[in-house]
Each structure stands twice: as structure tokens, then as C-alpha cells.
Amino acid sequence: EQDPHDVGLQHIFDLGNKIEEYTIEKLKAAGYEVITPTQRSWKIDLLNGIVSGREDIRIKDPEDGQLYPAEIKGLSPFEWERLNSIDDFYNSKHYYVRGYPSQLLTYCYRFEKEKGFFVLTNKLTGAIKVIDVPFDWDRADAMMKKGERVYAALADPTGNTLPKACDDFSVCEKCAM
């Protein structure tokens, strides 16, 4: 029921797609083996609903030869400088950056991988960096349980299972609701 996004947001999506193409080229030039899965969209069945996703790429780890999910992010130079480990994501002052690991951990959960990678591209300089992200079962399990709570709340006609309201205004200020 939500209105389609506007042309400005479409420009952001288009730029993101170009950054993804650029990043893949740079990874390959740096010697990484990069696979773009033919079936990129998938789902995880939860109680009362599903979690779905679309992975960017998989990277072959030179140490063990396995393919791991990788999430490409084009970032401002300031954010790019700040993010060097998974803890930097979790401790970011920006809620959307704190949410990025959930996306990658969901891929690891879905494909039963013990790690994944963030591939970050500086939107100003074009520099890239690859960050190893170990799978965190506790965080992934908490995410899946949260998804189940959300679907249970949506399915409850009485509205008695609504989650607690968010205290962080920065999360809600652009909400369409």
C-alpha cells in the first residue's frame, strides 16, 4: 500500500548498482575470485512469515578456497574511514550502519557459512576494502526471533502483541507511516 519511491531515491538505487559493478571490477583486478550467483534471491521460512534477501556476490577465500557471501556498500568518505571491523558497524552512531551486519549475517545463516565479507567502496576516491565478518550465531538467532515476533504482531487482529515503540528518533524520522 505504500507509495512508490520518488525519482531521487531511484537515482540513489541506480548509483548503488553502478558502485556494485565498479567494486566487482576492482575486486577482480586485485586478484579476488568473485562469483555473482545466478539465483541471487532467496527466502528463509519463519513462524508466520518469511525473511527474504538478494545477495550481492560471493568471494572465494584464498585461505580455504570456499565461497562466502559478500555485501557491497558504497559509503561516504567519512563512514568508509570509520568502518574497519565488525565492531565498528555495531558501534556506529548511524542506525542504518548498525543494521548492515544483520543483512550479511542473514546471508551467512541462509547459506550455512561461518563468515562473510563486507566490501566497502569509498564514493569519493573509489578505494575499496574488504572486512571479514565472522558468523555470530547469537545475533543471527536473535534476528530470526525478532522476525517471528514481527510476523506474530502483524497477524494478531487484536493488536495485543505490538512491539515496544522505538526510542531512537533517527530511526523513525523518515518512516512512511
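**Notebook: sheet, helices and cores**

I started at Glu112, which sits in the loop between helix H4 (95-111) and strand E6 (115-122). Helices (H or I, at least four residues) and strands (E, at least two) are DSSP runs, numbered from the N terminus. This is a predicted model, where local features need pLDDT of at least 70, side-chain atom pairs count only at pLDDT 80 or more, and totals for chains, interfaces and linings use all residues. Residues are numbered from 1 along each chain as its sequence is written, and side-chain values use heavy atoms, with hydrogens and water left out.

Glu112 is not a glycine, yet its phi is positive, about 55°. Is Glu112 buried or exposed? I found it exposed, at a relative accessible area of 73%. The cut-offs are under 20% for buried, over 50% for exposed and partly exposed in between (1.4 Å probe, protein chains only).

**Sheet**

Next I traced the strand order. The sheet is open, has five strands in the order E1-E4-E5-E6-E7, and its pairing is mixed. Strand E1 (34-35) and strand E7 (128-134) are the edges, each pairing on one side only. I count two strands as paired if DSSP finds at least two bridges between them.

E4 and E5 run antiparallel, joined by four bridges, and Ile59 stands opposite Tyr68 in E5. Their hairpin has six residues between the strands, and Gly65 there has a positive phi near 75°. On to E5 (residues 67-75) and E6: this pair is parallel, over six bridges. Here I noted Ile72 opposite Val119 and Leu75 opposite Asn122. Seven of the nine residues of E5 are buried, so this strand is largely enclosed by the rest of the structure.

**Helices**

I then looked at what lies on the sheet. Helix H1 (residues 7-29) lies across E1, strand E4 (57-60), E5, E6 and E7, at about 110° to E6. H4 lies across E4, E5, E6 and E7 and runs at about 165° to E5. Axes are lines fitted to C-alpha atoms, for helices over the stretch in contact, and angles run from 0 to 180 degrees between N-to-C directions. Contact means heavy atoms within 4.5 Å.

Which residues of H1 are buried? They are Ile19, Glu20, Thr23, Ile24 and Leu27. Their cover includes E1, E4, E5, E6 and E7. At the N-terminal end of H1, Asp6 is the cap, with a side-chain oxygen 3.2 Å from the backbone nitrogen of Gly8. Gly31 follows H1 and has a positive phi, near 100°.

Helix H5 (residues 137-155) also has an N-terminal cap: a side-chain oxygen of Asp136 lies 3.1 Å from the backbone nitrogen of Asp138. I listed Ala140, Met143, Met144, Gly147 and Ala153 as the buried residues of H5.

**Cores**

Last, I checked the nonpolar cores, meaning sets of buried Ala, Val, Leu, Ile, Met, Phe, Trp, Tyr and Cys residues joined through side-chain atoms within 4.5 Å. The largest has 17 residues, of which Phe89, Phe118 and Leu120 touch the most other members. Helix H3 (86-90), H4, E6, E7 and H5 each supply at least two residues of this core, and H4 gives the most, with five. Beyond its neighbours within four places in sequence, Phe89 is in contact with Leu83, Val97, Arg98, Tyr100, Pro101, Phe118, Leu120 and Ile131. A second, separate core has 10 residues, including Leu27, Val34, Ile57 and Ile59.

Note on methods: Polar contact = N/O pair within 3.5 Å; in protein donor to acceptor, adjacent residues only side chain to side chain.
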